Amino acid sequence: MKLLITLKKSPISSLKVHKDTVAALGLRKVGQTVEKEDNPSIRGQIFRVQHMVEVKEVQGEVAKKAAPKAAKKAATEKAVKETVQKAEKPVKEAAPKAAKTVKEKAEKAKAAVKEAAPKAAKAAKETAPKAEKAVKEAAPKAAKKAADAAKEVTADM
């Protein structure tokens, strides 16, 4: 035979012996129920804290409250697994298409670079002489201005 023991009153303001007995029975919170074998030691503990607990005698195994929670958890895990599988299917189908699209865009970019490189080199060749000519024309003017500035500085001293 089994005993269902439910804590009905808080042991906070009780004697230390009563608090220890409630803890030894495995009760922590008011309203909590534990299942224990019916034997003299358990009966003695119940007798000591009988004003704080409620006891029911039960034949055979008792379905614990955790069983519905475990079933609910298993159902939730199954639902999550199914949802993940449903979500993965479109991703698996879309992945090859996306890879193909990325490859095509990369090839187009390479082709554009190959086309642009000769044009850029040609533009650089055309602009280089113009730049050299501009530097050659500007150099004497800059040198003259620098010399004039130096003369002014030395004259002021």
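A search of the whole structure finds five salt bridges, a salt bridge being a side-chain nitrogen of Lys or Arg within 4 Å of a carboxyl oxygen of Asp or Glu. The structure is a predicted model, in which local features need pLDDT of at least 70 and side-chain atom pairs count only at pLDDT 80 or more, whereas totals for chains, interfaces and linings use all residues. Residues are numbered from 1 along each chain as its sequence is written, and side-chain values use heavy atoms, with hydrogens and water left out.

One of the salt bridges joins Lys2 to Glu37, with the closest N and O atoms 2.7 Å apart. This pair links distant parts of the chain, since Lys2 belongs to strand 1 (residues 2-7) and Glu37 to strand 2 (residues 33-37), 35 residues apart. Helices (H or I, at least four residues) and strands (E, at least two) are DSSP runs, numbered from the N terminus. Lys2 is buried, with a relative accessible area of 15%, while Glu37 is partly exposed at 43%. Here buried means under 20% relative accessible area, exposed means over 50%, and partly exposed lies in between, using a 1.4 Å probe and protein chains only.

Another salt bridge connects Arg43 with Glu57, and its closest N and O atoms are 2.7 Å apart. Arg43 lies in helix 2 (residues 40-48) and Glu57 in strand 3 (residues 53-58), so the pair ties together parts that are 14 residues apart in sequence. Arg43 is partly exposed, with a relative accessible area of 33%. Salt bridges that share partners also join Lys2, Glu35 and Glu37 into one network.

Asp20 is partly exposed, with a relative accessible area of 41%, and Lys16 is exposed at 62%. Helix 1 also holds His18, which is buried, with a relative accessible area of 17%. Leaving aside residues up to four places away in sequence, His18 touches Arg48, Val49, His51 and Met52, where contact means heavy atoms within 4.5 Å.

The strands come next. Strands of a sheet pair through backbone hydrogen bonds, either parallel or antiparallel. In this model an open sheet of three strands has the order 2-1-3, with antiparallel pairing; two strands pair if DSSP finds at least two bridges between them. Strand 2 and strand 3 are the edge strands, each pairing on one side only. Neighbouring strands of this sheet are turned by 25 degrees against each other on average, direction ignored. Axes are lines fitted to C-alpha atoms, for helices over the stretch in contact, and angles run from 0 to 180 degrees between N-to-C directions. Five bridges hold the antiparallel pairing of strand 1 and strand 2, and Thr6 has Thr33 of strand 2 as its bridge partner. Helix 2 packs on the sheet and touches strand 1, strand 2 and strand 3, its direction making about 25 degrees with that of strand 1.

The largest nonpolar core has 12 residues, among them Leu3, Ile5, Leu7, Ile42 and Ile46. Such a core is a set of buried Ala, Val, Leu, Ile, Met, Phe, Trp, Tyr and Cys residues joined through side-chain atoms within 4.5 Å. Strand 1 and helix 2 each supply at least two residues of this core, and strand 1 gives the most, with three. Not counting residues up to four places away in sequence, Ile5 touches residues including Leu25, Val34, Ile46 and Val53.
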